[in-house]
Amino acid sequence: MTLKLHNFHRSAYGRIAEITLREKRLDFERQEINPFAEDISEDYLRLHPFKRVPVLEHDDLVLYETRAITEYLEDRFGGPKLRPDDPVTAAKMRQIIAIIDNYGYWPLVRMVFSQRISRPASGLVADETIIAEGLAKSALVLAALEAIIGLDEYLVGPTYSLADAHVVPMIDYFCWTTEGTDMLANYPKLNSWWQRLKERPSTLETRPDWPTN
């Protein structure tokens, strides 16, 4: 059985899939693909018609969409369990994933990180209005997460779950900025979680190569 992950090293969602593979302790082949390139091959477009990452190939199976990939890896393979057995805890895990997907990614990554770090790294000017709006929306997301999580080591309990895998890349990008680091400090449970998780091997091994703040 061969696992192959098509990923872009700076993709937050591709990173979620790669973190999950590493946390499940699965062997896999990694294929770098830049979804922003103009010369993406027809072979890749047959794997992902929307020209995005990640894509997981497992023998004859081709999967895209990050949540489908992470749930498949959890359902299909052994190794450390990344989904709680308790229905209430599992529901909280899915709630956190939905919050970060539906409300968190855009302000944390696209409005704050991309404007403050990515655009200047490409020689472009940051839009301070977008950053200010992104910070306001990010505060709502962080407050919602702070209200859900407890005092355990991980987001939904004493063991690492798919919730952690999905949130790590978003908080990491957000905290690449000074504003993000300062804001996260206002949410003690979430900040304590991040101080632990940022040193976890799966976090460090998948961290992209952006300039530091």
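Q: In what order do the elements of the chain run from the N terminus on?
A: From the N terminus, the order is β-α-β-α-β-β-α-α-α-α-α-α-α, with nine helices and four strands in the chain. Helices (H or I, at least four residues) and strands (E, at least two) are DSSP runs, numbered from the N terminus. The model is predicted: local features need pLDDT of at least 70, side-chain atom pairs count only at pLDDT 80 or more, and totals for chains, interfaces and linings use all residues. Residues are numbered from 1 along each chain as its sequence is written, and side-chain values use heavy atoms, with hydrogens and water left out.

Q: What order do the strands take in the sheet?
A: Strands of a sheet pair through backbone hydrogen bonds, either parallel or antiparallel. Here the open sheet of four strands has the order E2-E1-E3-E4, with mixed pairing; two strands pair if DSSP finds at least two bridges between them. Strand E2 (29–32) and strand E4 (61–64) are at the edges, each with a single partner strand, so one side of each lacks a neighbour in the sheet.

Q: How many bridges join strand E3 to E4?
A: Four bridges join E3 (residues 55–58) to E4, and the two run antiparallel. Leu56 stands opposite Leu63 in E4.

Q: Which strands does helix H1 touch?
A: Contact means heavy atoms within 4.5 Å. Helix H1 (residues 12–23) packs on the sheet and touches strand E1 (3–7) and E2, its direction making about 155 degrees with that of E1. Axes are lines fitted to C-alpha atoms, for helices over the stretch in contact, and angles run from 0 to 180 degrees between N-to-C directions. Helix H3 (residues 66–76) lies across E1, E3 and E4, at about 130 degrees to E4.
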